[in-house]
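Subject: Handing over the structure

Hi,

Here is the structure I said I would pass on.

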Amino acid sequence: MGRLVRHLTGIGGLTRLLIVFTCLFAGLAIAMSQRIQASQTQVIAISGYNMEFAYTRTQVEIIKLQAALLQSRLGDGGEDEARLQLAILAGRLTTVPSSVGGIVFPEAEKAKRDLSESLKATARFLADPLSEAEALAASERLSADARAFTGLGALANTRQAGLVERAQERLQHDIAMLNLLLVHLVFVGLVLVALVIAERARFARAAETDSLTGLGNRLHLKNPAYLPAASASTAVAVIDVDRFKQVNDRWGHATGDDLLRLIADVLRREASGCDLTLRLGGDEFLIVAFGPEARARLDAGCAGIERGFLLETRRHGFSGVGLSIGIAEGAWDGPQGIDALIGRADMAMYGEKNRRCVEASASGEMRADAVMPSYRAPAPARGRLLSLLRAIVSRSSAADAPRRSARSHGSSVAPGAMSPGATETDLTIA
Amino acid sequence: MGHFNRRDLLVAAILAGTAGLLAPGSRTARAAGGGDDLTDLARLPMDKPDAPVIAIAGPSGPVRTVSREDLAGLEQTVLTTHMPWSPEVHHLEGPSLARFVSSFTQKDAADEISIEAIDGFIVTAPIAELVADGAVLVIRQDGDFLPVSAKGPAFVMFPFEERPEIADRSRFGRCIWQITRITIS
């Protein structure tokens, strides 16, 4: 339960609101459906018993009893018939309803009581016949009862119909309410589904984004959306920061992170002519150009990066750091092909780095009195949403480029394995 | 009230009960026109359990007239249910309609039953429908045979308590009482 609450509080405002509404609507729908069931049961209960028939039939049997009594008074030996008719009527009286669907008819209760008394009087009279006057009184009582039941028949007819009508109206209203609730539930459900889909897309984007720099990460190389559809000439540059470890050791990881953000900004600005700009991990970055003049565009990007890096590191006081860039080119032939290209560019980059590290240790860079660098990325980390937005914006611009080049030039390039004549070029930073 | 003990109250209750038992025969009760039980006042000679009161006509052979005791000799089904005219639950007993029909006809020899009451009311229905609805030919209510003045000698009832879904107007209409003749065809 506590876990559920924690999960719920972690959900965004709109989603949480929609979940609350879903629960609310679902609860109301269940309550409404139960009310509908109750109303249906009541309609069946009210209309189930034919009261008018019961009352009318009672009235007929009272008249039959009166006739039998009259016959017995005339001396036709009709006492047995009268006794039978009395028993029939007594039996009927045990089945005459005075309420329907829990609604009591006081008139019917009174009529039943009166008839019961009349029948008792008649029974006693039949058991012990006395005077003519007593017979007349019994007959008159029965006449009054017959009239009462005639009235009851008409009353039941209208009252039962009215009750059924009201119950049906309530039922209709409740069904309309239930429909409305269901429409709301479906609507909220659809919005929730849309939100879940959007959320998934956002997570997928976030997974492909390097949270520190806002550049894409390695997963871009697996996502066909960023890659050419057909074979294309490809140039890759692996860029690595020289002496990055020393920056971390000397000024701390926060300053190291600032340097990485600085480089990412330079890459974004200077490699705009290329198709992919990624952070591979650590202090290693990757630039890729696909299609015609891939190598030329990559070279131009790298040259710009070198210039920009020099300028920015000087401006912000990062002394002694440099970039090693390894370049490889070939034909794009699927993700495996590009991995091989990156491997070769990596090798070229390390060759260059080793050479330059020897030079650097000889000249003794990274002076002990160097002032702490002061670069603050114009960048992220103010909030999750902001960094996510930056990541989305930067990726959508990066994502368009390869698709464009693949579409316009992909077919003109002959498919095939990695070009055996690929060159590896090392660029060094002054 | 404090000075009445439990024994005094018991004695008073017994005296009151005795007075109630004696009341039906007294002239004072008769003059007041009330207090008697109508069911007892309207008893008939045919209410005796061994009186042959229900005529049964099968698809073939002569008409037989049976008593409630004859019907009680068949396998009995017990229904504990309310009835269309009474929300209270009663224990009803009698042969199920299926058992009753099979004891008077060969299997599948009849498909319709016509049940007639003393007052002329008739219910005609397919036997299969009544059997499917669990109809019982009730001859005892709460252990006692029923006089005509209490819907006897027999009435048809369905297991409404157990199967609320069958509690509708058409089944209520088939709850015929004061049965005097049954025709199976």
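**Where the two chains meet**

Across the interface of chain A and chain B, the rule finds two salt bridges. One of them links Arg57(A) to Asp119(B), with 3.4 Å between the closest N and O atoms. Before you go further, please keep in mind that this is a predicted model.

There are also six residue pairs in polar contact between chain A and chain B, counting pairs with both residues at pLDDT 80 or more. Sorted by class, the chain A side has 13 nonpolar, seven polar and ten charged residues.

As for the extent of the interface, 30 residues of chain A are in contact with 25 residues of chain B. Between them the two chains bury about 2,400 Å², and 60% of that is on carbon and sulfur atoms. Which three residues supply more than any others of the area that chain A buries against chain B? They are Tyr49(A), Lys120(A) and Arg124(A), which together supply 23% of it.

**The largest pocket**

The largest pocket has a volume of about 700 Å³. Its lining is made up of 27 residues, and those nearest the centre are Ala45(A), Gly101(A), His82(B), Pro84(B) and Phe172(B). At least two lining residues come from each of these elements: H2 and strand S1 (99–100) of chain A, and strands S3 (77–83) and S4 (86–94) of chain B. H2(A) gives the most to the lining, with four residues. By class, the lining has 15 nonpolar, eight polar and four charged residues.

**Two spots in the backbone of chain B**

Two places in the loops are worth a look when you open the model. Gly152(B) and Pro153(B) are joined by a cis peptide bond, with omega at about 0 degrees. Pro153(B) sits in the loop between strand S9 (144–145) and strand S10 (155–157) of chain B.

The other place is Asp142(B), which has a positive phi of about 50 degrees although it is not a glycine. You will find Asp142(B) in the loop between strand S8 (140–141) and S9 of chain B.

Over to you, and happy browsing!

Definitions and conventions
Residues are numbered from 1 along each chain as its sequence is written. Chains are lettered from A and ligands numbered from 1 in the order in which they are written. This is a predicted model: local features need pLDDT of at least 70, side-chain atom pairs count only at pLDDT 80 or more; totals for chains, interfaces and linings use all residues. Side-chain values use heavy atoms; hydrogens and water are left out. Contact means heavy atoms within 4.5 Å. Buried area is the accessible area (1.4 Å probe) that two parts lose on being put together, summed over both. A salt bridge is a side-chain nitrogen of Lys or Arg within 4 Å of a carboxyl oxygen of Asp or Glu. A polar contact is a pair of N or O atoms within 3.5 Å; within protein, one must be able to donate a hydrogen and the other to accept it, and residues adjacent in sequence count only if both atoms are side-chain atoms. Ala, Val, Leu, Ile, Met, Phe, Trp, Tyr, Cys and Pro count as nonpolar, Asp, Glu, Lys and Arg as charged, and the others, Gly among them, as polar. On a 1 Å grid over the protein atoms alone, a cavity is a set of points where a 1.4 Å probe fits but cannot get out, and a pocket is an open set with protein on both sides within 12 Å along at least five of seven lines; lining residues have an atom within 4 Å of a point. Grid points are joined across faces, edges and corners, and a volume is the space filled by probe spheres set on the points.
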